[in-house]
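Here are a few friendly notes to read alongside the model. Please keep the 3D view open and find each residue as you go.

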Amino acid sequence: MKLSVVIPAQDEEGSIGGTVDGVINVLSREEIDYEVIVVDDGSRDRTRDRALALALEDPDVRVIVHDHNSGYGAALRSGIAAASQPWILLTDADLQFDLTQLEDFLPHAARNDLVLGHRVLRMDPLGRRMAAGAWNWLVRRVFRLPVRDVDCAFKLVRTDLLKDVPLTCSGAMISTELVLRCIAQGARVTQLGVRHRPRVAGEQSGTSPRVVARAFRELFAARRELGRLPRA
(Lines give C-alpha, C1' and ligand atoms only; values in the text may rest on other atoms or scores of the structure.)
Protein backbone atom coordinates (compact mmCIF):
# COMPACT_ATOMS: atom_id res chain seq x y z
CA MET A 1 0.00 0.00 0.00
CA LYS A 2 1.02 3.59 -0.64
CA LEU A 3 -0.46 6.10 1.78
CA SER A 4 -0.84 9.85 2.25
CA VAL A 5 -1.45 10.84 5.87
CA VAL A 6 -3.31 14.15 6.14
CA ILE A 7 -3.07 15.90 9.52
CA PRO A 8 -4.88 19.22 9.99
CA ALA A 9 -3.46 21.20 12.89
CA GLN A 10 -4.33 24.41 14.66
CA ASP A 11 -2.43 25.44 17.79
CA GLU A 12 -1.04 21.94 18.41
CA GLU A 13 2.63 22.74 19.10
CA GLY A 14 2.65 20.36 22.06
CA SER A 15 1.49 17.33 20.10
CA ILE A 16 2.29 17.74 16.40
CA GLY A 17 5.77 16.24 16.78
CA GLY A 18 4.46 13.18 18.60
CA THR A 19 1.72 12.71 16.05
CA VAL A 20 4.05 12.81 13.06
CA ASP A 21 6.63 10.59 14.76
CA GLY A 22 3.91 8.11 15.72
CA VAL A 23 2.60 7.89 12.16
CA ILE A 24 6.09 7.45 10.72
CA ASN A 25 6.96 4.72 13.24
CA VAL A 26 3.86 2.70 12.35
CA LEU A 27 4.26 3.10 8.59
CA SER A 28 7.97 2.29 8.69
CA ARG A 29 7.25 -0.87 10.66
CA GLU A 30 4.63 -1.89 8.10
CA GLU A 31 7.04 -1.07 5.25
CA ILE A 32 4.50 1.25 3.61
CA ASP A 33 5.43 3.95 1.13
CA TYR A 34 4.06 7.14 2.60
CA GLU A 35 3.93 10.89 2.71
CA VAL A 36 2.80 12.93 5.70
CA ILE A 37 0.97 16.17 4.94
CA VAL A 38 0.54 18.57 7.85
CA VAL A 39 -1.88 21.42 7.20
CA ASP A 40 -1.28 24.29 9.59
CA ASP A 41 -4.58 26.15 9.70
CA GLY A 42 -3.50 29.58 10.85
CA SER A 43 -1.96 28.52 14.16
CA ARG A 44 -1.08 31.28 16.59
CA ASP A 45 1.50 29.21 18.46
CA ARG A 46 4.61 27.38 17.18
CA THR A 47 2.78 24.56 15.40
CA ARG A 48 3.92 25.82 12.01
CA ASP A 49 7.56 26.12 13.08
CA ARG A 50 7.59 22.64 14.58
CA ALA A 51 5.97 21.13 11.48
CA LEU A 52 8.42 22.87 9.16
CA ALA A 53 11.31 21.60 11.26
CA LEU A 54 9.98 18.06 10.89
CA ALA A 55 9.77 18.54 7.12
CA LEU A 56 13.41 19.66 7.00
CA GLU A 57 14.41 16.43 8.77
CA ASP A 58 12.29 14.10 6.64
CA PRO A 59 11.61 14.62 2.90
CA ASP A 60 8.44 12.53 3.23
CA VAL A 61 6.89 15.18 5.49
CA ARG A 62 5.26 18.16 3.78
CA VAL A 63 3.65 21.24 5.30
CA ILE A 64 0.80 23.30 3.87
CA VAL A 65 0.28 26.66 5.53
CA HIS A 66 -2.95 28.61 5.80
CA ASP A 67 -2.08 32.17 6.72
CA HIS A 68 -5.42 32.53 8.48
CA ASN A 69 -7.67 30.05 10.23
CA SER A 70 -10.00 28.76 7.52
CA GLY A 71 -11.67 25.92 9.38
CA TYR A 72 -11.23 22.19 9.85
CA GLY A 73 -12.91 21.36 6.56
CA ALA A 74 -10.74 23.77 4.63
CA ALA A 75 -7.62 22.19 6.15
CA LEU A 76 -8.79 18.70 5.18
CA ARG A 77 -9.57 19.84 1.65
CA SER A 78 -6.08 21.33 1.27
CA GLY A 79 -4.49 18.11 2.49
CA ILE A 80 -6.64 15.92 0.25
CA ALA A 81 -5.85 18.08 -2.77
CA ALA A 82 -2.13 17.69 -2.09
CA ALA A 83 -2.23 13.92 -1.53
CA SER A 84 -0.40 11.90 -4.20
CA GLN A 85 -0.77 8.32 -2.94
CA PRO A 86 -3.63 5.87 -3.71
CA TRP A 87 -4.89 5.86 -0.10
CA ILE A 88 -5.38 8.63 2.45
CA LEU A 89 -5.45 8.42 6.22
CA LEU A 90 -7.25 11.37 7.78
CA THR A 91 -6.35 11.92 11.41
CA ASP A 92 -5.83 14.74 13.90
CA ALA A 93 -2.76 16.26 15.50
CA ASP A 94 -3.94 16.08 19.11
CA LEU A 95 -2.55 12.60 19.98
CA GLN A 96 -5.98 11.39 21.11
CA PHE A 97 -5.74 8.32 18.87
CA ASP A 98 -3.44 5.35 19.26
CA LEU A 99 -1.79 5.49 15.86
CA THR A 100 -0.76 1.83 16.02
CA GLN A 101 -4.42 1.08 15.26
CA LEU A 102 -3.64 1.83 11.64
CA GLU A 103 -2.23 -1.68 11.57
CA ASP A 104 -5.77 -2.97 12.26
CA PHE A 105 -7.23 -0.81 9.48
CA LEU A 106 -4.86 -1.78 6.69
CA PRO A 107 -6.14 -5.34 6.10
CA HIS A 108 -9.67 -3.97 5.54
CA ALA A 109 -8.50 -1.87 2.59
CA ALA A 110 -8.47 -4.96 0.40
CA ARG A 111 -12.26 -5.29 0.66
CA ASN A 112 -13.38 -1.72 1.31
CA ASP A 113 -12.98 1.78 -0.08
CA LEU A 114 -13.63 3.66 3.17
CA VAL A 115 -12.70 2.41 6.65
CA LEU A 116 -14.24 4.56 9.38
CA GLY A 117 -13.16 4.58 13.00
CA HIS A 118 -15.63 4.98 15.83
CA ARG A 119 -14.50 5.82 19.33
CA VAL A 120 -15.28 2.90 21.63
CA LEU A 121 -14.91 5.02 24.75
CA ARG A 122 -14.60 8.71 24.08
CA MET A 123 -12.14 10.34 26.49
CA ASP A 124 -13.46 13.88 26.33
CA PRO A 125 -15.18 16.09 28.90
CA LEU A 126 -18.85 15.33 29.48
CA GLY A 127 -20.08 18.45 27.71
CA ARG A 128 -18.14 17.60 24.56
CA ARG A 129 -19.38 14.01 24.60
CA MET A 130 -22.98 15.17 24.94
CA ALA A 131 -22.59 17.66 22.10
CA ALA A 132 -20.99 15.01 19.89
CA GLY A 133 -23.77 12.54 20.63
CA ALA A 134 -26.42 15.09 19.73
CA TRP A 135 -24.60 16.02 16.49
CA ASN A 136 -24.23 12.38 15.45
CA TRP A 137 -27.92 11.78 16.10
CA LEU A 138 -28.84 14.86 14.08
CA VAL A 139 -26.79 14.04 10.98
CA ARG A 140 -27.98 10.43 11.04
CA ARG A 141 -31.58 11.61 11.06
CA VAL A 142 -31.21 14.43 8.53
CA PHE A 143 -29.11 12.50 6.00
CA ARG A 144 -30.09 8.89 6.77
CA LEU A 145 -26.42 8.30 7.40
CA PRO A 146 -25.61 4.78 8.71
CA VAL A 147 -22.44 5.80 10.55
CA ARG A 148 -21.87 5.57 14.29
CA ASP A 149 -19.28 8.32 14.76
CA VAL A 150 -19.05 10.46 11.65
CA ASP A 151 -16.59 12.97 13.12
CA CYS A 152 -14.09 10.39 14.37
CA ALA A 153 -10.74 11.61 13.04
CA PHE A 154 -9.47 8.20 12.00
CA LYS A 155 -10.54 7.47 8.45
CA LEU A 156 -8.80 5.44 5.75
CA VAL A 157 -10.14 6.24 2.28
CA ARG A 158 -9.25 5.50 -1.32
CA THR A 159 -7.85 8.70 -2.80
CA ASP A 160 -9.66 8.55 -6.12
CA LEU A 161 -12.99 8.70 -4.29
CA LEU A 162 -12.07 12.17 -3.04
CA LYS A 163 -10.22 13.69 -5.97
CA ASP A 164 -13.26 14.05 -8.21
CA VAL A 165 -15.92 15.04 -5.68
CA PRO A 166 -16.77 18.68 -4.93
CA LEU A 167 -16.09 18.85 -1.21
CA THR A 168 -17.29 22.30 -0.19
CA CYS A 169 -17.70 22.44 3.59
CA SER A 170 -15.08 24.41 5.49
CA GLY A 171 -16.05 23.50 9.05
CA ALA A 172 -16.95 20.37 11.01
CA MET A 173 -19.62 19.41 8.50
CA ILE A 174 -16.83 18.24 6.17
CA SER A 175 -16.82 14.78 7.80
CA THR A 176 -20.50 14.20 7.03
CA GLU A 177 -20.09 15.54 3.50
CA LEU A 178 -17.07 13.35 2.81
CA VAL A 179 -18.80 10.15 3.94
CA LEU A 180 -22.02 10.95 2.06
CA ARG A 181 -20.20 11.69 -1.19
CA CYS A 182 -18.18 8.49 -0.93
CA ILE A 183 -21.31 6.43 -0.31
CA ALA A 184 -23.00 8.12 -3.28
CA GLN A 185 -20.18 6.80 -5.47
CA GLY A 186 -20.83 3.27 -4.30
CA ALA A 187 -18.00 3.08 -1.80
CA ARG A 188 -17.73 -0.12 0.19
CA VAL A 189 -17.69 1.02 3.83
CA THR A 190 -16.80 -0.67 7.08
CA GLN A 191 -16.51 0.67 10.62
CA LEU A 192 -13.96 -0.32 13.27
CA GLY A 193 -13.75 0.58 16.92
CA VAL A 194 -10.74 2.69 17.92
CA ARG A 195 -9.21 3.59 21.25
CA HIS A 196 -9.42 7.21 22.29
CA ARG A 197 -7.15 9.07 24.68
CA PRO A 198 -7.56 12.19 26.82
CA ARG A 199 -6.07 15.32 25.34
CA VAL A 200 -2.71 16.09 26.94
CA ALA A 201 -1.81 19.36 25.17
CA GLY A 202 -3.56 22.22 23.40
CA GLU A 203 -7.21 23.15 23.69
CA GLN A 204 -10.32 21.64 22.17
CA SER A 205 -12.29 23.95 19.92
CA GLY A 206 -15.13 21.70 18.78
CA THR A 207 -17.67 23.16 21.19
CA SER A 208 -16.70 26.81 20.80
CA PRO A 209 -19.70 28.96 19.81
CA ARG A 210 -18.00 29.95 16.54
CA VAL A 211 -17.31 26.35 15.51
CA VAL A 212 -20.79 25.18 16.50
CA ALA A 213 -22.48 28.04 14.66
CA ARG A 214 -20.47 27.32 11.50
CA ALA A 215 -21.38 23.62 11.69
CA PHE A 216 -25.10 24.37 11.87
CA ARG A 217 -24.91 26.94 9.09
CA GLU A 218 -23.18 24.41 6.87
CA LEU A 219 -25.61 21.66 7.80
CA PHE A 220 -28.64 23.70 6.79
CA ALA A 221 -26.94 25.05 3.68
CA ALA A 222 -25.89 21.56 2.54
CA ARG A 223 -29.03 19.70 3.61
CA ARG A 224 -30.84 19.91 0.28
CA GLU A 225 -27.89 18.94 -1.94
CA LEU A 226 -26.41 16.24 0.28
CA GLY A 227 -29.80 14.85 1.16
CA ARG A 228 -30.43 14.12 -2.52
CA LEU A 229 -27.26 12.12 -2.99
CA PRO A 230 -27.90 8.44 -3.85
CA ARG A 231 -27.18 5.77 -1.27
CA ALA A 232 -25.60 3.35 -3.74
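1. Phe-105 and Phe-154 are both buried (buried means under 20% relative accessible area, exposed over 50%, and partly exposed in between, with a 1.4 Å probe and protein chains only). This is a predicted model, where local features need pLDDT of at least 70 and side-chain atom pairs count only at pLDDT 80 or more, while totals for chains, interfaces and linings use all residues. Residues are numbered from 1 along each chain as its sequence is written, and side-chain values use heavy atoms, with hydrogens and water left out.

2. How many aromatic pairs are there? The count comes to two, where rings of Phe, Tyr and Trp (its six-membered ring) pair if their centres lie within 6.5 Å, and planes under 30 degrees apart count as stacked, over 60 as edge-to-face and the rest as tilted. Phe-97 and Phe-154 have ring centres 5.7 Å apart and planes at 40°, so this pair is tilted. Phe-97 sits in the loop between β4 and α4 and Phe-154 in strand β6 (residues 154–158), so the pair ties together parts 57 residues apart in sequence. Helices (H or I, at least four residues) and strands (E, at least two) are DSSP runs, numbered from the N terminus.

3. Phe-97 is buried at 4% relative accessibility, and Phe-154 is buried at 0%. The rings of Phe-105 and Phe-154 have centres 5.0 Å apart and planes at 80°, so that pair is edge-to-face. Phe-105 belongs to helix α4 and Phe-154 to strand β6, so the pair ties together parts 49 residues apart in sequence. Ring pairs link Phe-97, Phe-105 and Phe-154 into a cluster.

4. Now look at two helices. The axes of α5 (residues 126–143) and α8 (residues 209–227) come within 10 Å and cross at roughly 25° (axes are lines fitted to C-alpha atoms, for helices over the stretch in contact, with angles from 0 to 180 degrees between N-to-C directions). That makes α5 roughly parallel to α8 (angles under 35 degrees count as roughly parallel, over 145 as roughly antiparallel, 65 to 115 as roughly perpendicular and the rest as oblique).

5. Two loop residues deserve a look. Asp-11 has a positive phi of about 55° although it is not a glycine; Asp-11 lies in the loop between β1 (2–9) and α1 (16–29). Leu-95 has a positive phi of about 60°, and it is not a glycine. Is Asp-11 buried or exposed? At 18% relative accessibility, Asp-11 counts as buried, whereas Leu-95, at 24%, counts as partly exposed.
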